[in-house]
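Me: I have a model open and want to go through its interfaces. Can you take my questions as they come?

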4 protein chains.
Amino acid sequence: MKTIKTLREKKNTAILLIHCPDKQGILATVTEFLNKNKGNIIYLDQHVDRQEKIFYMRVEWELDGFAIPADKIGEYFETLIAAPLQMNWKLYFSDDTPRMALFVSKMPHCLFDILARYTAGEWDVEIPVIVSNHETLKPVAERFGIDFQYFPINRENKAEQEKAEFDLLKKYNIDFVVLARYMQILSEDFVKKYPNKIINIHHSFLPAFAGAKPYHAAHERGVKIIGATSHYVTSELDAGPIIEQDVTRCSHVDTVQKLVRKGRDLEKIVLSQAVYKHLQRKILVFKNRTVVFN
Amino acid sequence: MKTIKTLREKKNTAILLIHCPDKQGILATVTEFLNKNKGNIIYLDQHVDRQEKIFYMRVEWELDGFAIPADKIGEYFETLIAAPLQMNWKLYFSDDTPRMALFVSKMPHCLFDILARYTAGEWDVEIPVIVSNHETLKPVAERFGIDFQYFPINRENKAEQEKAEFDLLKKYNIDFVVLARYMQILSEDFVKKYPNKIINIHHSFLPAFAGAKPYHAAHERGVKIIGATSHYVTSELDAGPIIEQDVTRCSHVDTVQKLVRKGRDLEKIVLSQAVYKHLQRKILVFKNRTVVFN
Amino acid sequence: MKTIKTLREKKNTAILLIHCPDKQGILATVTEFLNKNKGNIIYLDQHVDRQEKIFYMRVEWELDGFAIPADKIGEYFETLIAAPLQMNWKLYFSDDTPRMALFVSKMPHCLFDILARYTAGEWDVEIPVIVSNHETLKPVAERFGIDFQYFPINRENKAEQEKAEFDLLKKYNIDFVVLARYMQILSEDFVKKYPNKIINIHHSFLPAFAGAKPYHAAHERGVKIIGATSHYVTSELDAGPIIEQDVTRCSHVDTVQKLVRKGRDLEKIVLSQAVYKHLQRKILVFKNRTVVFN
Amino acid sequence: MKTIKTLREKKNTAILLIHCPDKQGILATVTEFLNKNKGNIIYLDQHVDRQEKIFYMRVEWELDGFAIPADKIGEYFETLIAAPLQMNWKLYFSDDTPRMALFVSKMPHCLFDILARYTAGEWDVEIPVIVSNHETLKPVAERFGIDFQYFPINRENKAEQEKAEFDLLKKYNIDFVVLARYMQILSEDFVKKYPNKIINIHHSFLPAFAGAKPYHAAHERGVKIIGATSHYVTSELDAGPIIEQDVTRCSHVDTVQKLVRKGRDLEKIVLSQAVYKHLQRKILVFKNRTVVFN
């Protein structure tokens, strides 16, 4: 179905995400390294957490004309810049399209939102497979021409099914997983295989109303605003690094059913915005918090 | 594709939308009429515009057990209540599912959002046909199994093509039209056939940036917030009664392209919220303004 | 300092706040009662919680021309309407100006916001006294010509000091209390003397980050939005009925100090909006939740 | 009245605001200059407008230990860095407290909000004088111990009165002017004396509803959101560079009077946020748009 004119223009660029102990001159050192080697910087954002004394940076430059061959950039950067400055860094290339697996259950709104953006070419991503613990959304996957794999899960088969899911993701060379209202808790083992690579949407303004039935809890508490939170999944439920949040007003006239309906619009937009930031390699995680570059 | 479990439960109800000159006792008169005839009210909202001296009301009651047969309610209400009080009123039945035509051009985001809700059963609506002045989105219509009709429009053929479109809408018994980023101005003649029955989404916070290229204009003006506006179409461009608006923050780092991207999410949600209110018969129009009941 | 031209025009009205078990015809009964007695209704809002089966209503009408004398309205209403329908109701008169006591500690932003509105005549209220457990804000009280009473509180003297505070409030005929960033927990005894009559501002989006140091906790958790919550005080800390909430965006660049600064603007507006609703008698409390009329 | 414990801690720093044609290496050049001279950078934010090919930067560093004496920094920077790179730059020192004049008419809410922050020590500013074309707010100025100067203005005396105002501002060494709902249009001559140094608050979401009576116009148009806009004053009315905007929801129940009331809270917060950004020297203006650093 990828017949719609693409919305993006790909430039051939390299992206560095860096964090390290702050000290004088890091920014100058990195930009000099790129400038001297004829790297035309098209994006630079940096942040210093002065309390933690950590320097964060995202820089993107054109590979066209860059003096160091793409497959040597990592080695040179490590040797000349990163090692002396004790940097943690990751290097990405804009022409490596990330491969994403979608995990869903029965609710279709986040799934549709993601598949619409995918089909419309809003995102630079491949989605080869949809995984589910229910068969409900199989027709949606079929409509969009994406492999749908059904893994019913119960207490007995969970470890075995997760093993099969993991093998499937391996087979498809999946880079990261998006839980699009997947109503099944992943085991710690599974989560550990994808550190900061599983994005979840929780249907509340975390840390309020973590766990099950947040709209019921919000209604019971009588809040005047409800929210949704996208975060990386960690072994602690709904406690991973927050990527994006948004809220909307509610009032005494809103029943739980109305909160659920209002919440759906929040959930899909907040999840998709988080996925978009992830795809752009604009997120760094440190101490269970994210730095999300502009 | 309507295979997903429906989200709504239909109740068999009647809905009255009323406006009239305000005077003492209107509310009591209407509620008495329903109560005496054993109509169990499940929704009532009213508003008095004290400046214009106009009374507005939306009331919904269960037909089950109501003493007046459904096909006589209009006649009885007119004779007993509406005529003496000079009321404008409309009567709807919840089991009459509205029929909607979608007009699109090249951009798919609003189309996808609407079709996703339709397919997921979020809305009580039928969408038998999609009309377009471009062939770009035909594959989307096909995927969702909806008739797609292509009407290329230029200065010469516009009147003739609109005639053909109107005949098509007639054939499909269309109740109202949604312009889902339809980039072609409808003629006054066409608009007059559907008073307060054509819903448009304009990609700005109206009345700012009416007309073409609002994101370019917003960028040029250096605003710090952008918006989207859904409204009923009238013969004056972008000047019809506003149904819903929403906004999002932007800043000096946002290029026109980024505004366009941010705006897409606003546009689709604002348009769909307006359509939802229209489907629920919660909108009254008076003097080019809307009353949107809760 | 009340020299600035007043912003409000007082009308001589009566206000009824009602809640009772829902049944057919309540609304018609109440409006008929007012209409028959020549009460010109200038505001009416009602809500039915269909899950709890409770009817809520706020109605305001002009006393001018009303057939029942003001001092008899309560008696007549109870006998003729309320008793048969098992109504809980409260009757207010717009010319009874509520009397408010302000409790503060060291932070002046909420105090200033309230005194500015008071002085500007935004609100129909009297503020005869400011109570504090610190002397810091005494100069502010003096500038605005309001009695400032200092009650230092420690574990030993708390009961005794609260007794003295209560006597002071009695002396001043105080109707309700506003805790404008008062950093001292009130005893259960004290709270029980003012049921739904003590309004607090908590500097977080409750129920997230209840208790001490919410901005530190929000920073630690890495949230992308912070909030403020105004609520009636109950004996359980930060758990009373929520009146109003608002939020603002934050990001990784915001230190705790910046969150505190951003939060101040939220806190003062959210608290003042809650006080305004309370002054207008637009709030009903049921089962630890509020109905806040429009 | 400056008796309340100050909220800020002043550091002795220098601030550079820079914009210039973009080319490779500017960022590295500036940071090297500071690093080599032992300037400990505590804030750095930069932005490249790739469409206009303009580089923007704000950098702040500690003067303590900096090798170049404060009074020579400008000269050295111009010679060594700015001239070769065709930079526009401004240098500020954090221990130079800006001096602000307030212009008001009859409405007190913005005035109170600013004086409250001033008195509470939220801002690093001096406010020696309040100018008004009405005497209404004189008591407020007196309460806060600030000189109040009354300049009634009509068509005949306008030029003369503005001359007198200008002389007064000179006498008080005023750096910038804040129009806190000053309801009198400044002449082009006056405006030109303070380029990007007069901050206004307009009570609408500009460019919608420029000019007089924006709340009436918003009500008439039936918008669902109202806003407020702070901007630098230019000779074209309500058309200067926008600094900050914010919005709030409204609906058909809101009369013009209610919009005015809701708007007041927006206006005061939006104006104060703009003033705060200005005080922090975080605003650059280019081509009638602002760059507002974080």
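Me: Start with a salt bridge. Which residue does Asp246(B) pair with?
Reply: Asp246(B) makes a salt bridge with Arg249(D), and the closest N and O atoms are 3.1 Å apart. A salt bridge here is a side-chain nitrogen of Lys or Arg within 4 Å of a carboxyl oxygen of Asp or Glu.

Me: What should I know about the numbering and the model?
Reply: This is a predicted model, where local features need pLDDT of at least 70 and side-chain atom pairs count only at pLDDT 80 or more, while totals for chains, interfaces and linings use all residues. Residues are numbered from 1 along each chain as its sequence is written, chains are lettered from A and ligands numbered from 1 in the order in which they are written, and side-chain values use heavy atoms, with hydrogens and water left out.

Me: Back to that pair of chains. How many salt bridges between chain B and chain D?
Reply: Four salt bridges are counted between chain B and chain D.

Me: And polar contacts?
Reply: Between chain B and chain D there are 23 residue pairs in polar contact, both residues at pLDDT 80 or more. A polar contact is a pair of N or O atoms within 3.5 Å; within protein, one must be able to donate a hydrogen and the other to accept it, and residues adjacent in sequence count only if both atoms are side-chain atoms.

Me: Which elements of chain B supply that side?
Reply: Helix 7 (214-221), strand 11 (242-249) and strand 13 (289-292) of chain B each supply at least two residues of the side touching chain D. Strand 11 of chain B gives the most, with seven residues. Helices (H or I, at least four residues) and strands (E, at least two) are DSSP runs, numbered from the N terminus.

Me: What is the residue make-up there?
Reply: The side of chain B that touches chain D has 15 nonpolar, nine polar and eight charged residues. Ala, Val, Leu, Ile, Met, Phe, Trp, Tyr, Cys and Pro count as nonpolar, Asp, Glu, Lys and Arg as charged, and the others, Gly among them, as polar.

Me: How much area is buried between chain B and chain D?
Reply: About 2800 Å², with carbon and sulfur atoms giving 55% of it. Buried area is the accessible area (1.4 Å probe) that two parts lose on being put together, summed over both.

Me: Which three residues of chain B supply more of it than any other three?
Reply: Arg221(B), Lys224(B) and His252(B), which supply 25% of the area that chain B buries against chain D.

Me: OK, chain A and chain C now. How are those two related?
Reply: A rotation of 180° with 0.0 Å of shift along its axis superposes chain A on chain C, with an RMSD of 0.0 Å. The two copies are therefore related as by a two-fold rotation axis. The superposition is by least squares on the C-alpha atoms of residues with pLDDT of at least 70 in both copies.

Me: Which residue of chain A comes closest to the axis?
Reply: Ala208(A), with its C-alpha at 2.3 Å. The same surface serves both copies, as 100% of the contact residues of chain A recur in chain C. Contact means heavy atoms within 4.5 Å.

Me: How many residues are in contact across chain A and chain C?
Reply: 31 residues of chain A are in contact with 32 residues of chain C. The buried area between them is about 2800 Å². Four salt bridges are counted between chain A and chain C, and Asp246(C) and Arg249(A) meet in a salt bridge at 3.1 Å, N to O.

Me: Different topic. Where are the domains in chain A?
Reply: Domain 1 covers 5-93 and domain 2 covers 99-292. The bounds come from an automatic or database domain assignment. Taken over C-alpha atoms, 30 Å separate the centres of the two domains of chain A.

Me: What holds for the contact between them?
Reply: In chain A, 18 residues of domain 1 are in contact with 15 residues of domain 2. The two domains bury about 1400 Å² between them, 59% of it on carbon and sulfur atoms.
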